Amino acid sequence: MRFPSRKDLWLTIIIWGTMLFSIIIGGYALLLGQLDIVDMIVIFFLSVALPVFLLWIWLTTYYVLDENNLIIKCGPFRKTIPLNTIKSVKKTMNPLSSPALSLKRLEIIHGQHSMTLISPKNRDEFIKILQRRCPQAKVFP
């Protein structure tokens, strides 16, 4: 089952604002002209590559619970967590960097000492399905 990431309004404003600002500044720099090759490379990365990368992350952050694994996809990044290695799950607002587009997150402890933060749109449904497929995991409110 596929779960899209919850998306907070404040992060929506930051991501889309950054993309628009990068494109506008790049277009303005091109209109000014007289650019050498280094300037063109920098403008390309700031006004094309950065917005495309941010859009890629924005549109492709989701989580898949299959029979054996939790698959986390965030733009070009992918992580697979075997369900039999998950020890605990709890709701959190932990702001650490993670493949999550919201601060309403789930903290998943797995493996020896690993922690992963995700933000499925429907946390309660995600937890119910995870409990069925991963009965050894402790679920904390």
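The following legends describe close-up views of a predicted model.

Residues are numbered from 1 along each chain as its sequence is written. Because the model is predicted, local features require pLDDT of at least 70 and side-chain atom pairs count only at pLDDT 80 or more, whereas totals for chains, interfaces and linings use all residues, and side-chain values rest on heavy atoms, with hydrogens and water left out.

**View 1. The antiparallel sheet β1-β2-β3-β4.** Four strands form an open sheet in the order β1-β2-β3-β4, with antiparallel pairing. Strands (E, at least two residues) and helices (H or I, at least four residues) are DSSP runs numbered from the N terminus, and two strands pair if DSSP finds at least two bridges between them. The edge strands, each pairing on one side only, are β1 (2-4) and β4 (77-82). Neighbouring strands of this sheet are turned by 15° against each other on average, direction ignored. Angles run from 0 to 180 degrees between N-to-C directions, with axes taken as lines fitted to C-alpha atoms, for helices over the stretch in contact. Three bridges join β1 to strand β2 (residues 61-65), and Arg-2 stands opposite Val-64 in β2.

**View 2. The mixed sheet β7-β6-β5-β8.** A four-stranded open sheet has the order β7-β6-β5-β8, with mixed pairing. Strands β7 and β8 (138-140) stand at the edges, each with a single partner strand, so one side of each is left without a neighbour in the sheet. In this sheet, neighbouring strands are turned by 15° against each other on average, direction ignored. Strand β5 (residues 86-92) runs antiparallel to β6, and six bridges join the two; Ile-86 stands opposite His-110 in β6.

**View 3. The β6-β7 hairpin.** Strands β6 (residues 105-110) and β7 (residues 114-118) run antiparallel and are joined by five bridges. Ile-109 faces Met-115 in β7 as its opposite residue. Three residues lie between the two strands of the hairpin, and Gly-111 in the turn has a positive phi of about 65°.

**View 4. Helices lying across the sheets.** Helix α3 (residues 123-133) lies across β5, β6, β7 and β8 and runs at about 165° to β5. Helix α3 also lies across β1, β2 and β3, at about 35° to β2. Helix α2 lies across β2, β3 (69-74) and β4, running at about 35° to β2. Contact here means heavy atoms within 4.5 Å.

**View 5. The annotated transmembrane regions.** An unreviewed UniProt entry places the feature "transmembrane region" at residues 9-31 and 37-59. UniProt positions are given in the numbering used here, feature names are shortened, and annotations may be inferred rather than shown by experiment. Residues 9-31 are 100% helix and 0% strand, with end C-alpha atoms 33 Å apart. Residues 37-59 are likewise 100% helix and 0% strand, with end C-alpha atoms 32 Å apart.

**View 6. The largest pocket and its lining.** The largest pocket holds about 290 Å³ of space. Of its 17 lining residues, the closest to its centre are Leu-11, Ile-15, Ser-98, Ala-100 and Leu-101. On a 1 Å grid over the protein atoms alone, where a 1.4 Å probe is used, a pocket is an open set of points with protein on both sides within 12 Å along at least five of seven lines, and lining residues have an atom within 4 Å of a point. Points are joined across faces, edges and corners, and the volume is the space filled by probe spheres set on them. Helix α1 gives the largest share of the lining, four residues.
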